[in-house]
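Open the structure and follow the text strand by strand.

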Amino acid sequence: MLEAKDIEERLGAESPWRVYSYETVTTTMAEAQRLAEQGEDEFALVVADCQTAGSGRFDRRWYSPPGEGVWMTALFRPDLSPERVPLLTLASAVSVAEALGDLGFSVGIKWPNDVLAASGPFRRRKLCGIRAEMAVEGDHVAWASSGIGINVGAASFPEELSGIAASLQELAGAPVSRMACACAVLERLEANYRCLLEDGFSQIRRSWIDHAIGLGEPVRVSDVDGEVSGTALGIDEEGQLLVEVPGEGVRAILSGDLVFEV
């Protein structure tokens, strides 16, 4: 089990993270919300060995068995408008991609915030999913959270995830430290969060584009208005996906489900 004191000790005395660790929770996001509503300040982190009801974007089930991943949610109280909070999700994806790169893994980001294997036999299989929540009071963001689930030690997945998901252990061909993975991500996440608040989205956007998978390729995006097919170009300063649609020009898509067409 990832113990709070061990994570805090490894991060060091200057780290702002205050860690709450659990053996089993329904979801770490639910625990982070509870802490937020009790008045806990930002940089609180909930980490669990197992989630019984983990879910990702669009409420899809997230496979999070005991001891096989990093299942955690970070709490923030950002000085951002509600419309800008989704940028925190992109910053979280960048943080995971940068951290896993630091650990020697070849990874990339699928818009908006899935982290995939970028090469090898597990290319484009999902390693990490990220989900964000927030509470708004008037025009003010009371709190925001970033839920991060990283497949670290799984040797196999349920049938419905076969060929879709992969673990860091599968990529490495050897056991991978959950502690090292969690701490590497938290260090990057702190830095990118501060960068987002102090300097805006530009630097994070550049890193997102550097890690992006599928740019210049044909994609299909399903959103509330239906499906859009075209060539993925990148993201704009609002984090919207830019897709060049034949006969229409470039369309900016705020949210949706992206599928590679090749």
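P218 stands opposite T231 in β9. Strands here are DSSP runs of E, at least two residues long, numbered from the N terminus. P218 belongs to β8 (residues 218–223), which pairs with β9 (residues 226–235) in the antiparallel sense over six bridges. Two strands pair if DSSP finds at least two bridges between them. The model is predicted: local features need pLDDT of at least 70, side-chain atom pairs count only at pLDDT 80 or more, and totals for chains, interfaces and linings use all residues. Residues are numbered from 1 along each chain as its sequence is written, and side-chain values use heavy atoms, without hydrogens and water.

Strand β8 also pairs with β12, again antiparallel, over four bridges. There, R220 has V259 as its bridge partner. Now move to β10 (residues 241–245). Five bridges join β10 to β11, and the two run antiparallel. L241 faces I253 of β11 across this pairing.

A search of the whole structure finds one cavity of 30 Å³ or more. A cavity is a set of points on a 1 Å grid over the protein atoms alone, where a 1.4 Å probe fits but cannot get out; lining residues have an atom within 4 Å of a point. Points are joined across faces, edges and corners, and the volume is the space filled by probe spheres set on them. Among the lining residues of the largest cavity are W111, W208, L241 and F260.

Notes. 1 Å grid on protein atoms, 1.4 Å probe; cavity = no way out; pocket = protein on both sides within 12 Å on 5 of 7 lines; lining within 4 Å.
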